[in-house]
Each structure stands twice: as C-alpha cells, then as structure tokens.
Amino acid sequence: MRILLVEDDPGLGSGLSKSLSKKYAVDWVQDGETACHAIFEGNYDLVILDLGLPKVDGLEVLRRTRSKNESSTLILTARDTTEQKVTGLDLGADDYLVKPFELDELFARVRALLRRKGINQKKTLQSGNLSLNIETRQVRYKNDPISLTPREFQILHSLMSRPGVVLSIAQLRQQLHGWYDEINSNAVEVHLHNLRKKIPKYLIENVRGMGYKFTLESDQS
C-alpha cells in the first residue's frame with residue numbers, strides 16, 4: 001500500500017513520513033506542483049494533502065488532479081472553516097483532519113479510508129502453504145515463520161497481490177520508492193534473489209526480459 005504525503009512543514013512532514021513508513025510505503029513531497037506530478041505519475045492508494053502549500057495550494061491540487069486521481073484523499077488543514085472543508089470535499093477529498101491532531105487519529109482515518117477502498121478487506125494473502133499477513137507483516141510457509149526484511153516483504157506483497165501478473169523491475173522499484181533511501185534496479189534484483197532463497201523458488205518466476213510474477217502453488221504441476 002502506497003501513500004503520498006504532501007506537507008511543506010519539514011518537522012511535521014518528516015515525523016509523519018517516518019511514522020507512516022513503519023506500515024506503508026510513503027513518498028513525501030513538499031509543494032503542490034510536485035504533488036500534481038506525483039499523483040499523475042504514481043500509483044497511490046491514499047494521498048494525505050496539506051492545503052497550505054507553496055507553488056500550488058492544496059485545493060488547486062485537487063482541482064488539477066481529480067479527473068485522473070483514483071486515490072483516496074485525506075486533507076490536512078489548519079483552516080478550520082466550514083467553507084474550506086466543503087470546498088475540499090466537493091473537489092474530491094474523502095475526509096479531512098484539522099491541525100493540530102493526534103497521530104492516533106491520523107492513523108485511524110488512514111485505516112478507515114483504505115478499508116473504504118477495499119484495500120484492507122483481505123488481511124491475509126494465501127497460496128497453498130505460503131501465507132502473508134498484511135496487518136502483522138508475518139510470512140509463514142507450512143506454518144513456519146519466515147523472516148523477511150521490510151523490502152523483501154513489500155516485494156512479496158506486491159507479487160502475491162497480483163498472482164500471474166508480470167511486474168517489471170521498474171514497477172517493483174516503484175513499490176519500494178517510499179523507503180528512506182533511493183533504490184536502484186540492481187538492488188531490487190538482490191532483494192528478489194534473497195527472497196527466492198527464503199521461500200520455494202518456483203513461486204516467484206523470472207519471466208526473461210519482462211520481470212517477475214507470482215505463481216500460485218495450486219498452479220504447479
């Protein structure tokens with residue numbers, strides 16, 4: 001699950017990014033213009049959008065992107081007026097949170113919006129003897145726990161979420177973009193190599209020249 005955080009306050013943005021990154025892949029941008037590009041280019045499940053942004057304010061971001069933005073949007077605003085809230089909701093936002101707010105409330109609203117999209121309805125991904133629990137981030141094979149790094153978990157989650165679909169290295173790298181440092185194609189290959197040593201190798205098939213796909217155990221002959 002990927003979140004775009006749009007917040008120009010360095011302290012608040014950094015804190016929220018680190019907190020959210022414990023459970024989600026998070027990209028953090030600090031102005032409205034960059035936010036528009038990220039929304040058009042990225043594939044986000046949720047956008048957390050501050051209204052008071054430099055270059056392009058949050059309401060204008062909503063105006064420019066609402067026709068192509070399929071993500072849920074949570075507005076963060078210090079503008080505690082009914083008019084601003086109504087305008088934001090009319091422009092396509094799904095919920096709002098007035099600053100200052102408690103982190104627990106932000107997380108509760110994030111979970112609610114993701115559930116509303118149906119993203120969290122399925123808590124566990126299962127393929128034969130392999131299971132991946134999205135909430136606890138536990139992976140088991142034949143009920144034995146498998147220790148994965150956060151990036152290995154995210155790659156496996158991305159592949160298991162779309163069984164039989166070939167994901168390119170670029171697509172897999174995009175899923176990891178929210179972690180603290182940039183990741184290159186070679187690094188993605190290393191994570192895949194390590195992951196395939198921890199679970200049955202045949203579950204993640206290398207489709208030469210195209211990428212990787214997850215194969216359901218029931219599909220194995």
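Start by selecting lysine 99 and aspartate 50: their side chains meet in a salt bridge (a side-chain nitrogen of Lys or Arg within 4 Å of a carboxyl oxygen of Asp or Glu), at 3.1 Å, N to O. The two sit 49 residues apart, with lysine 99 in the loop between S5 and H5 and aspartate 50 in strand S3. Helices (H or I, at least four residues) and strands (E, at least two) are DSSP runs, numbered from the N terminus.

Before moving on, a word on what's on screen: this is a predicted model, where local features need pLDDT of at least 70 and side-chain atom pairs count only at pLDDT 80 or more, while totals for chains, interfaces and linings use all residues. Residues are numbered from 1 along each chain as its sequence is written, and side-chain values use heavy atoms, with hydrogens and water left out.

Now colour by accessibility (buried is under 20% relative accessible area, exposed over 50%, partly exposed in between, with a 1.4 Å probe and protein chains only). Aspartate 50 is buried at 4%, whereas lysine 99 is partly exposed at 21%.

Next, pick arginine 2 and aspartate 27. Their side chains form a salt bridge at 2.8 Å, N to O. This one ties strand S1 to strand S2 across 25 residues of chain, and both partners are buried.

Stay on those strands and bring up the whole sheet. It's open, with five strands in the order S2-S1-S3-S4-S5 and parallel pairing (two strands pair if DSSP finds at least two bridges between them). S2 and S5 (95-98) are the edge strands, each pairing on one side only. S1 and S2 pair over five bridges, and alanine 25 in S2 is the bridge partner of arginine 2.

Then select H1, residues 10-20. Gly13, Leu16, Ser17, Ser19 and Leu20 are buried here.

Arginine 109 is partly exposed at 24%, and glutamate 105 is partly exposed at 34%.
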